[in-house]
Amino acid sequence: MNKAETIQLLSYLATNYPEISKKEKEEKNLMIFTWQDCLKDYDYNIVMRAVKELMVSNMFVPKLAEIVNLANEYKKAMVDNIPKLKSGKCNKCKGKGLIT
C-alpha cells in the first residue's frame, strides 16, 4: 500500500469510528506514518477487505495487528487456491523459463 491508500483506509475507518477523526493533527500524522510503514507490503484491496470484515463485527476500532492478521489469512487462502503443477514444470516451457 502507498501513503494515499493508507490515508484513504484511515479516512474510511474514521467515518465509522469518530475517535480517529478527533485526534490532533500530530497524532493523525503519526498514525498515517505507522500504518503506512506496517502495511507497505500489503495489497490495498486485501487490507480493505480485512478492514470491512472487522468493521462489521467489532464495535471498536480494529487494531493494526487484527487487520494484518486477517490480511495474512486472505493472502494465504489466495496462495493455497493457486493450482499446483503435477510435474512441477510448466507445460509450455518444460521448466526452462522460455518458450522455443
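A: The protein chain has five helices and zero strands, where helices (H or I, at least four residues) and strands (E, at least two) are DSSP runs, numbered from the N terminus. Along the sequence, the pattern of the chain is α-α-α-α-α. This is a predicted model, in which local features need pLDDT of at least 70 and side-chain atom pairs count only at pLDDT 80 or more, whereas totals for chains, interfaces and linings use all residues. Residues are numbered from 1 along each chain as its sequence is written, and side-chain values use heavy atoms, with hydrogens and water left out.

Of the 100 residues of the protein chain, 30% count as buried, a term that means under 20% relative accessible area, with exposed meaning over 50% and partly exposed in between (1.4 Å probe, protein chains only). Contact here means heavy atoms within 4.5 Å, and among contacts between residues at least 6 apart in sequence, 67% join residues at least 24 apart.

The largest nonpolar core has 26 residues, and those with the most contacts inside it are L9, L13, W35, L39, V47, V51 and I67. Such a core is a set of buried Ala, Val, Leu, Ile, Met, Phe, Trp, Tyr and Cys residues joined through side-chain atoms within 4.5 Å. Two or more residues of this core are given by each of α1 (3-16), α3, α4 (44-57) and α5, and the largest share, eight residues, comes from α4.

Leaving aside neighbours within four places in sequence, V47 is in contact with M1, L9, L39, Y42, I67 and A71. For L9, the C-alpha atom lies 8.5 Å from that of V47, although the two residues are 38 apart in sequence.

The helix pairs come next. Two packed helices are described by the angle between their axes and the distance between the axes; the axes are lines fitted to C-alpha atoms, for helices over the stretch in contact, and angles run from 0 to 180 degrees between N-to-C directions.

Helices α1 and α4 pack at an angle of about 10°, with their axes 11 Å apart. That angle makes α1 roughly parallel to α4, because angles under 35 degrees count as roughly parallel, over 145 as roughly antiparallel, 65 to 115 as roughly perpendicular and the rest as oblique. On the α1 side E5, Q8, L9, Y12, L13 and N16 meet Y44, V47, M48, V51, K52 and M55 of α4. By class, the contact of α1 with α4 has eight nonpolar, two polar and two charged residues, where Ala, Val, Leu, Ile, Met, Phe, Trp, Tyr, Cys and Pro count as nonpolar, Asp, Glu, Lys and Arg as charged, and the others, Gly among them, as polar.

Helices α4 and α5 have axes 8 Å apart and pack at an angle of about 120°, so that α4 is oblique to α5. Their crossing is right-handed; a crossing is left-handed if the near helix is turned anticlockwise from the far one by less than a right angle, and right-handed if clockwise. In this contact α4 supplies I46, V47, R49, A50, V51, E53 and L54, and α5 supplies E66, I67, L70, A71, Y74, K75 and M78. These residues divide into ten nonpolar, no polar and four charged.

The axes of α3 (residues 25-39) and α5 (residues 64-80) come within 11 Å and cross at roughly 20°, which makes α3 roughly parallel to α5. This crossing, too, is right-handed. W35, C38 and L39 of α3 make the contact with L64, I67 and V68 of α5, and its residues are six nonpolar, no polar and no charged.

Two further buried residues complete the picture. Y42 has its place in the loop between α3 and α4 and is buried, with a relative accessible area of 13%. Not counting residues up to four places away in sequence, Y42 touches M1, V47, V68, A71, N72 and K75; the C-alpha atoms of Y42 and K75, 33 residues apart along the chain, are separated by 9.1 Å. T6, in helix α1, is buried with a relative accessible area of 0%, and, with residues up to four places away in sequence again left out, T6 touches M1, I32, W35 and Q36.
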